[in-house]
Structure formats: structure tokens, C-alpha cells
Amino acid sequence: MEIAVYGKGGIGKSTISSNLSYALAMGHRKVIQIGCDPKQDSCRALLKGRHLDSVLDVVRAVPPSGRRLDQMMATGSAGVRCIEAGGPEPGIGCAGKGILTMFQTLERLGLAEVEHDVILYDVLGDVVCGGFAVPMRPDHSDLVLIVTSGEFMSLYAANNIMRGLLNFETDRPRLAGIVFNSRGSPREEVAVEEFSRATGVPVIARIPRSPLFSRAEEGRCTLCEMFPDSCEAGVFSMLAEHLVSVERGLRPCHRPMPLADSQLDQLVSEGCVAGNGEYTSRSPIVGSIRPPSFEAFAPVRRIGMGPVGAALTAGRLMDVPVVIHGSRTCGYSMLNEIREMRLEHLFADPDARVGSGGNRLCTDMRDVDAVFGGAGKLGSILDELARDHGFILVILTCLVNMIGDDVDRAVRDIEVRHPRTRVAVINANEAMNGVDAHMVVLKAIAGLIDTSLTSDGHTVRILDDNFLVTERGRDHEILAELMGPFGKTVGTGFLQDCTLDDVRRLGTSYMFFKAEDTPDNEELARILREKGVRVAKRPLPRGYREGREWVLHMGRMFEQPFVAADVAERMGEVYRSALDEVVPFIRGRRFAIVDDRSESTRWMEEALMDALAGEVVVHVLGKGPVGDHLGAVRQHTNHLEMVRALADDHPDLVVGSPRSIRRIEGITCEPFPTTTLAHRASILFLRRVGNLLRTASEPGWKSWGIE
């Protein structure tokens, strides 16, 4: 028989549990009492005040291979075997997780093999989280007892425990009854009796308020042992007999009817409840919600939000350690996801052990750390890194917030021991509140820029919040081609893969250009401007037309209009030559550009229409404006409308290629180009399109080996 004793903290559960265990043991039962409370005071009376190492004390101090059951179990009065779960320091870690760890540890060490008739769990009842609810689950308890007095908070806790018990309801009721522990307050017996009637759970024991309990406690002993012939001891003997009768099927268990909140208020204010308990579970009814279509489960791009985006951005500082503070599984998943997003050269050892990835490490928090907190492990890693690094980034995952890990204290200790090292902590979980975690990283890194440096007068750089596009394309080369005639050179961007020294020297820049005109880039521009760094208002141009206009604008800004005119003329010559090159392969073809961001695809529309000379239709899906000069462009704002139009027109090539378009038989799809800067982007795009269509129309491999 396994019995879980629940009730409000301080209501007397430990006293009742110890006396009940003693009474059961005196009735020739072999009893194990397990205290499930971080205070570790459940078995104190049974052990005559002797200290007992808790399960979590042993877990924290002894490696798994050295743990034994006798290290955490002692024999008390009447042969009752005593175990205490223990818990973390107040305010740190998760005591509920500690209960789970205790059950796992005792199971591994073979508690089930210890001879016993009864296991009694003494459980904290104020907290109703999943960990403290484990003892009431059917696989751990046959019977549940609820201890209460007539005070409101005690009845409130008892009602909550009944609600929690409903979540584990089976065909067989398991609530044995209510134990009324009197506090001697007026009308409390009436309140408990009315609560019992309304919930349908009988009071099976009434513990009187007696000075004998205090005298037994002063003697570090159970009342039943010190005063075996007292009326109070007789109550516990009767309770033990009642539970044995329930075990034998001679007495019933009960399915509770918890009170609704309004009924609890009525009980306190009026002393009675109309009818029976009316509480119903708030759990959603399975099957009441229509399942989403398969399309809804398409992979979601997570760059820029949460810990993954923060770690990806932080890792761009190639000589700065990035410590992901979280669980082993979380760190493993994140680091592998980042590997798929980044180029292999970013990782010193792609086949490294779990928890490492180039300059990224994981604190590898285990179950023990979730219980006691992982700040100590984080501190050890930081202490080692601080010997060789002046700047360290720490990224917090959700587990750290859940257990209340004192990361700030660990960081302060490191910065005191290593005064030349600065540690920046990024709470990536703030992304759940709408704060983009990778932007928090960028702001922290921007604080490293040396504001005492002055501009060198010639270095221009790209400002891009993620660099996922501009770094993989040829935008840096194209910008250098455009800026060279003006006497400018292109340096490391922010935040491009670079070193800590590169970031510190960003203050020497002549000017930054935003890769895109996005809110994040504008926010970064504001930060740089506050540091005295010049940022152009116009973003980098997309495609030929915008590129030509941008170059002329640069000529006015740099006061070199003639240089700008020459650059624009050469751009036009190169662009027209490329058009002549690809026209034979794409003339008379049909195209579609499928996306919901037409402001970023307009340059592709322009390039296709320049090559086609307006002869055929280009379908575009998006919300942005389409220029008047693109008269042969048909814009669709509805995706279904677009799919139907493509099925009718059957284009030769679709750029963008969402899943729904790829399913149209016979359509060739091409992802969006990575290079978007000025005329070179248009040329590369047209050549790519021409090569695709040429390959499709001239399958040379079919003639191999034929004379």
C-alpha cells in the first residue's frame, strides 16, 4: 500500500505522517516514510532528531556509480525506514524537479526490492506543480489523504489538491478521506464538515488540539511513542486501521467534487455551500479543435528570435567564447541547427563532442543542475575562459529562467576575480515577449566599439542585422567595385564574421550603408550614430535601375558628380551587354515571381521585363506597388488566385518556389538569388535564368555517345 499525504504547508502533515507511520508499524506493518518537502523535516520525530542525508544531498555530492540506498535511508522508531527528498537552496533551482529526481534515483537504487508493506509520502501541498503532484499519480499511490484545518487557506489548499487529483482520475477512486487537524479556532469544525459534505469526501479522522504534541516534539519523538495510551494516540491507531480496511476493500475510497471559486468564497463568508462542488477541469476537450492542414507544419525560420538566433549572431565574433547556459539536449539541438545555417569554416571541429561548436559551448545542465541550479557549473566554465579572453557572451535558455538560476552573481564573481574580462549576459527568453534576442546580442557587441577612434576618411561598411544574405552573396565585391572610383574601400561590416578587434575599430569607418531598410537595421544605425559613426540614410540599392540612381546620389554626397556619371555609364554598358547575351534563351518565355514581399523583388521584375521587352506576362504575388513601366506584369495579392493563374498560363520558370507552386506538374522553380546589389545582381540573376532555361531546352546529355 502506497499512501500520499497532502495538505497546506504548516498544517501538521509531518506530525500526522510520522505518528501514522508509527501506528502502522506497531500494527506489524513494515513501513517506509518518504518526506517530499525541501525542509527535510518529515522524519525528524521518527529519527529522534538524528540528521539524515537527503536523496538530493547524495545526488549532489556522490557520482552515480558511488550512490547506495543506505546513504539516504535510516531506520527510526518502530523500525520505520526514513527517507527525505531534500531540495535546492531557497530561491534557486526547482524543488518540483527535485521530487522527480528523487523518484528516479530511488528506482535506480532498488527501493522496490526493500521489504515493505507500506510506503507513506509526506508531500508539500501549497505547491501544485507537476513535480509535487507525482506522488498522487496512480503509479505511485494507492490512497491519498488530505490534511486540513477549518481555516480558509487550509481549505483552499485541500480543494486545490482535490482538483489536481481529478487530473489523474482512473476508474478506481483513490481519495481515502479528510484528516481534520484542529487548530482550536471558532466554528472550524462546522467549516470542515460543510466542506466535507459539499465535496463528497468524508472526515475519517479528527485530531484534537493537544499539548501532548508539543511535549512529544520537545522530546524529539512521536506522540504515539511517548504517550502510547493517550486518546490522541488512539486516534492514529484508528486511522491506521481505517486505511488497512480500505486496502482490503472493506471501506470505500471517494471521487471528490471540488468546489468552484465562488463556492469557496461562499463557504468562508456564509459558512455553508449551496449544493455540491461544481468545479470542472479547464483542460481542453480532445478533438474539439479542428487539426491544421499539413501546410501549417512547414519548417519555421527561427533566425533572429530566441536562443538560436542569439547564439548564431554571437558566434560571428570568431575569437569570443559564446556560452549557451542550458540543458544538454537544448544545447545539442541548437548547435546542430546552427551548423546547418552557417558555413563549415566557422567551426573549428565539426565533429566535436556534444556541447561544442567552434567558439560556442554549452554548460550541459543535467537533472541535478535543474534541481540545485547551474550557476556553479557556469561559473567554473567562465573562470576557465576568463584566463584567456577579455570578453565572453553568455546566452540564457528557458530552463535557466524556470529554475531562477542566479547567473548575475556568478558573472559578478568572475568579473571580480578577472577584472580585465567583461561578461555580457543575453536573456534570450525575452524574445518570447517580442524582443528579438539577436538584436540584444548586437547591442551588447556594439558597446565594444572604441569611440575614441576617428574616421580614416575612406572605409565604408555594410550594416546588416543578420548578414545571412549579404555575406553569402557577392555584395561586398560589388560594393567595392562601385566605391573604388570614389576612392573608398570596403571594410568588415557589422556584424560580419570578424574578430573582437575588428568590432573595436568600427569607429574608424567613414560611413556605413544599411543592407536593407528594416526596423532592426535602423535601430542599429541609431546605436552607431550615438557613437559618432556615420550611417547613410539610403540603404544599398537592389538591381540595375536603383543601383544607377544610387551611384549618382553618391556622387553628389561625395562631391564627385563626374566620377558618378562615368560609373553609371559603365554600369549601363555592362547591363545592356548582359541583356543581349541572355535574350535568345528567355525571349517568348513566361515567368512568375512568387513571394509576399514585392518591394524586394521589383528589381527581378524589372530585369525580366528588360530582357523580354514587354512581350510576355510576368506574374507577381505580393502586396507592394508595381511600376507603371512594367505594363506586362500581372500582380496577384491572393495566393489561391496566383496558383490558378499559373496553372492556366503554365510559366516556364517560377522564382521563389513555394511548396504549393512546386506541386504544379512541369513547372521549373528557382530560389530567390542571394546577391541583390545594383546592376551586378540583375546580371547574375538573368544569366542564372538563361542557363536554367537553356539547360531545360538543350539536354545535351541525351546525345552522349551518339555519332
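User: Which residues does Thr105 touch, not counting those up to four places away in sequence?

Analyst: This is a predicted model. In it, Thr105 is in contact with Val55, Val59 and Met72, leaving aside residues up to four places away in sequence.

User: Where is Thr105 found, and is it buried or exposed?

Analyst: Thr105 belongs to helix H3, which spans residues 95–108. Its relative accessibility is 4%, so it counts as buried, the limit being under 20%.

User: On to the sheet. How many residues of strand S7 are buried?

Analyst: Of the 7 residues in S7 (residues 175–181), 7 are buried, and the strand is mostly covered.

User: How does S6 pair with S7, parallel or antiparallel?

Analyst: Strand S6 (residues 143–148) runs parallel to S7, and 5 bridges join them. Within this pairing, Thr148 has Phe180 of S7 as its bridge partner. Between S6 and S7 the chain passes through helix H5 (residues 152–166), in a β-α-β crossover that is right-handed.

User: And how many bridges pair S7 with S8?

Analyst: There are 4 bridges between S7 and strand S8 (residues 203–207), again in the parallel sense. Here Phe180 has Arg206 in S8 as its bridge partner. The chain goes from S7 to S8 by way of helix H6 (residues 188–199), and this β-α-β crossover is right-handed.

User: Changing topic: how many aromatic pairs does the structure hold?

Analyst: The structure holds 8 aromatic pairs. One of them is formed by Phe152 and Tyr156, with ring centres 5.9 Å apart.

User: Why is that pair of Phe152 and Tyr156 classed as tilted?

Analyst: The planes of Phe152 and Tyr156 stand at 45 degrees, so the pair is tilted; stacked would require under 30 degrees and edge-to-face over 60. Both residues lie in helix H5, 4 residues apart, which is about one turn of the helix.

User: How accessible are Phe152 and Tyr156?

Analyst: Phe152 has a relative accessible area of 31% and is partly exposed. Tyr156, at 34%, is also partly exposed.

User: Which rings are linked into a cluster?

Analyst: Phe486, Tyr510 and Phe558 are linked into a cluster by ring pairs.

User: Where does Lys488 lie relative to Tyr510 and Phe558?

Analyst: Lys488 lies over the face of Tyr510, 4.0 Å from the ring centre. The charged end of Lys488 also sits over the ring of Phe558, at 5.1 Å from its centre.

Methods
Residues numbered from 1 in each chain as written. Predicted model: local features only at pLDDT ≥ 70, side-chain atom pairs only at ≥ 80, totals over all residues. Heavy atoms only, no water. Buried < 20%, exposed > 50% of the residue type's maximum accessible area, 1.4 Å probe, protein only. Helix = DSSP H or I, 4+ residues; strand = E, 2+ residues; numbered from the N terminus. Pairing = 2+ DSSP bridges. Right-handed = clockwise from strand over helix to strand, strands pointing away. Phe/Tyr/Trp six-rings, centres within 6.5 Å; stacked < 30°, edge-to-face > 60°. Lys NZ or Arg CZ within 6 Å of the ring centre and 35° of its normal. Contact = heavy atoms within 4.5 Å.
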